[in-house]
Amino acid sequence: MTHAYNKTYLFHAANKFGNMMDYAVNDCNLDGDQYLHMFTVSGMAEQFEHGNPRVVAGMSGIEIAMETIRTVCGKPPAVASAEIDYRTAEYWGGWALAHYQWQTALSFSAILRFLPFADILIMYPTLHEADITKFYETANGIYAHRCPKTNLKRIREAAGLSQAKLAAEAEVSLRCVQMYEQRNKDINKAQAITLVKIAKVLGCSVEALVELV
């Protein structure tokens, strides 16, 4: 799995994300999921998840939130705030979400479809002092429960293609498609050329085919 930026930047990126969420929720009085929807539609989420240095390294969490709100609402929030030096539940939720996005290489919008920020906050009392791998395990379990279909199957069905049609147009074997959809083979370990061919036919990114379990 290819990460958008080097792991050495992850600590600072996650800290920014935590500060961003704390500011948006506790200073600007926005609902966490409402703000994250703004974050995705503003284009800032895509820049963050692709490791744009201007966003990941060059802006503070509060500056990212201000730019997000300005882009969506037409003006920045009037609320000023300093970076916090303690962990609120919202800070931890953003921090954990940033780690998970980096770990899985999924888009924020894809993650939030099965794991809303409100559900992440519910995990705070039991997981905020645990190793981040515990959050990964919990989030992956939720994914498996809420998304029984593989991404490949879901996207293929949405495109209106049969397994045989996809296999023919992508020039891969029908058995290959079937095995990936049934999770009998790990699509994350597929050859890059295979994923590129399938993604091209389905009109999606390679990253959209990635599975968590």
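This is a predicted model: local features need pLDDT of at least 70, side-chain atom pairs count only at pLDDT 80 or more; totals for chains, interfaces and linings use all residues.

Q: Is T68 buried or exposed?
A: T68 is found in helix 5, which covers residues 61-73. Its relative accessible area comes out at 0%. The cut-off for buried is under 20%, so T68 counts as buried.

Q: Which side chain does T68 join through a polar contact of 3.4 Å?
A: Skip the residues up to four places away in sequence, and T68 touches Y35, M38, F39, S42 and M44. The polar contact of 3.4 Å links the side chain of T68 to that of Y35.

Q: How does L121 count at 25% relative accessibility: buried, partly exposed or exposed?
A: L121 sits in helix 8, residues 117-127. Buried needs under 20% and exposed needs over 50%. L121 has 25%, which lies between those limits, so L121 counts as partly exposed.

Q: Which residues is L121 in contact with, leaving aside neighbours within four places in sequence?
A: N6 is 115 residues from L121 along the chain, and their C-alpha atoms are separated by 27 Å. Contact means heavy atoms within 4.5 Å. With the sequence neighbours left aside, the contacts of L121 are A89 and E90.

Q: Which helix gives the most to the lining of the largest pocket?
A: The largest pocket holds about 530 Å³ of space and is lined by 23 residues. Helix 6 (89-104), helix 7 (108-114) and helix 10 (151-158) each give two or more residues to that lining. With four residues, the one that gives the most is helix 7.

Note on methods:
Residues are numbered from 1 along each chain as its sequence is written. Side-chain values use heavy atoms; hydrogens and water are left out. On a 1 Å grid over the protein atoms alone, a cavity is a set of points where a 1.4 Å probe fits but cannot get out, and a pocket is an open set with protein on both sides within 12 Å along at least five of seven lines; lining residues have an atom within 4 Å of a point. Grid points are joined across faces, edges and corners, and a volume is the space filled by probe spheres set on the points. Buried means under 20% relative accessible area, exposed over 50%, partly exposed in between (1.4 Å probe, protein chains only). A polar contact is a pair of N or O atoms within 3.5 Å; within protein, one must be able to donate a hydrogen and the other to accept it, and residues adjacent in sequence count only if both atoms are side-chain atoms.
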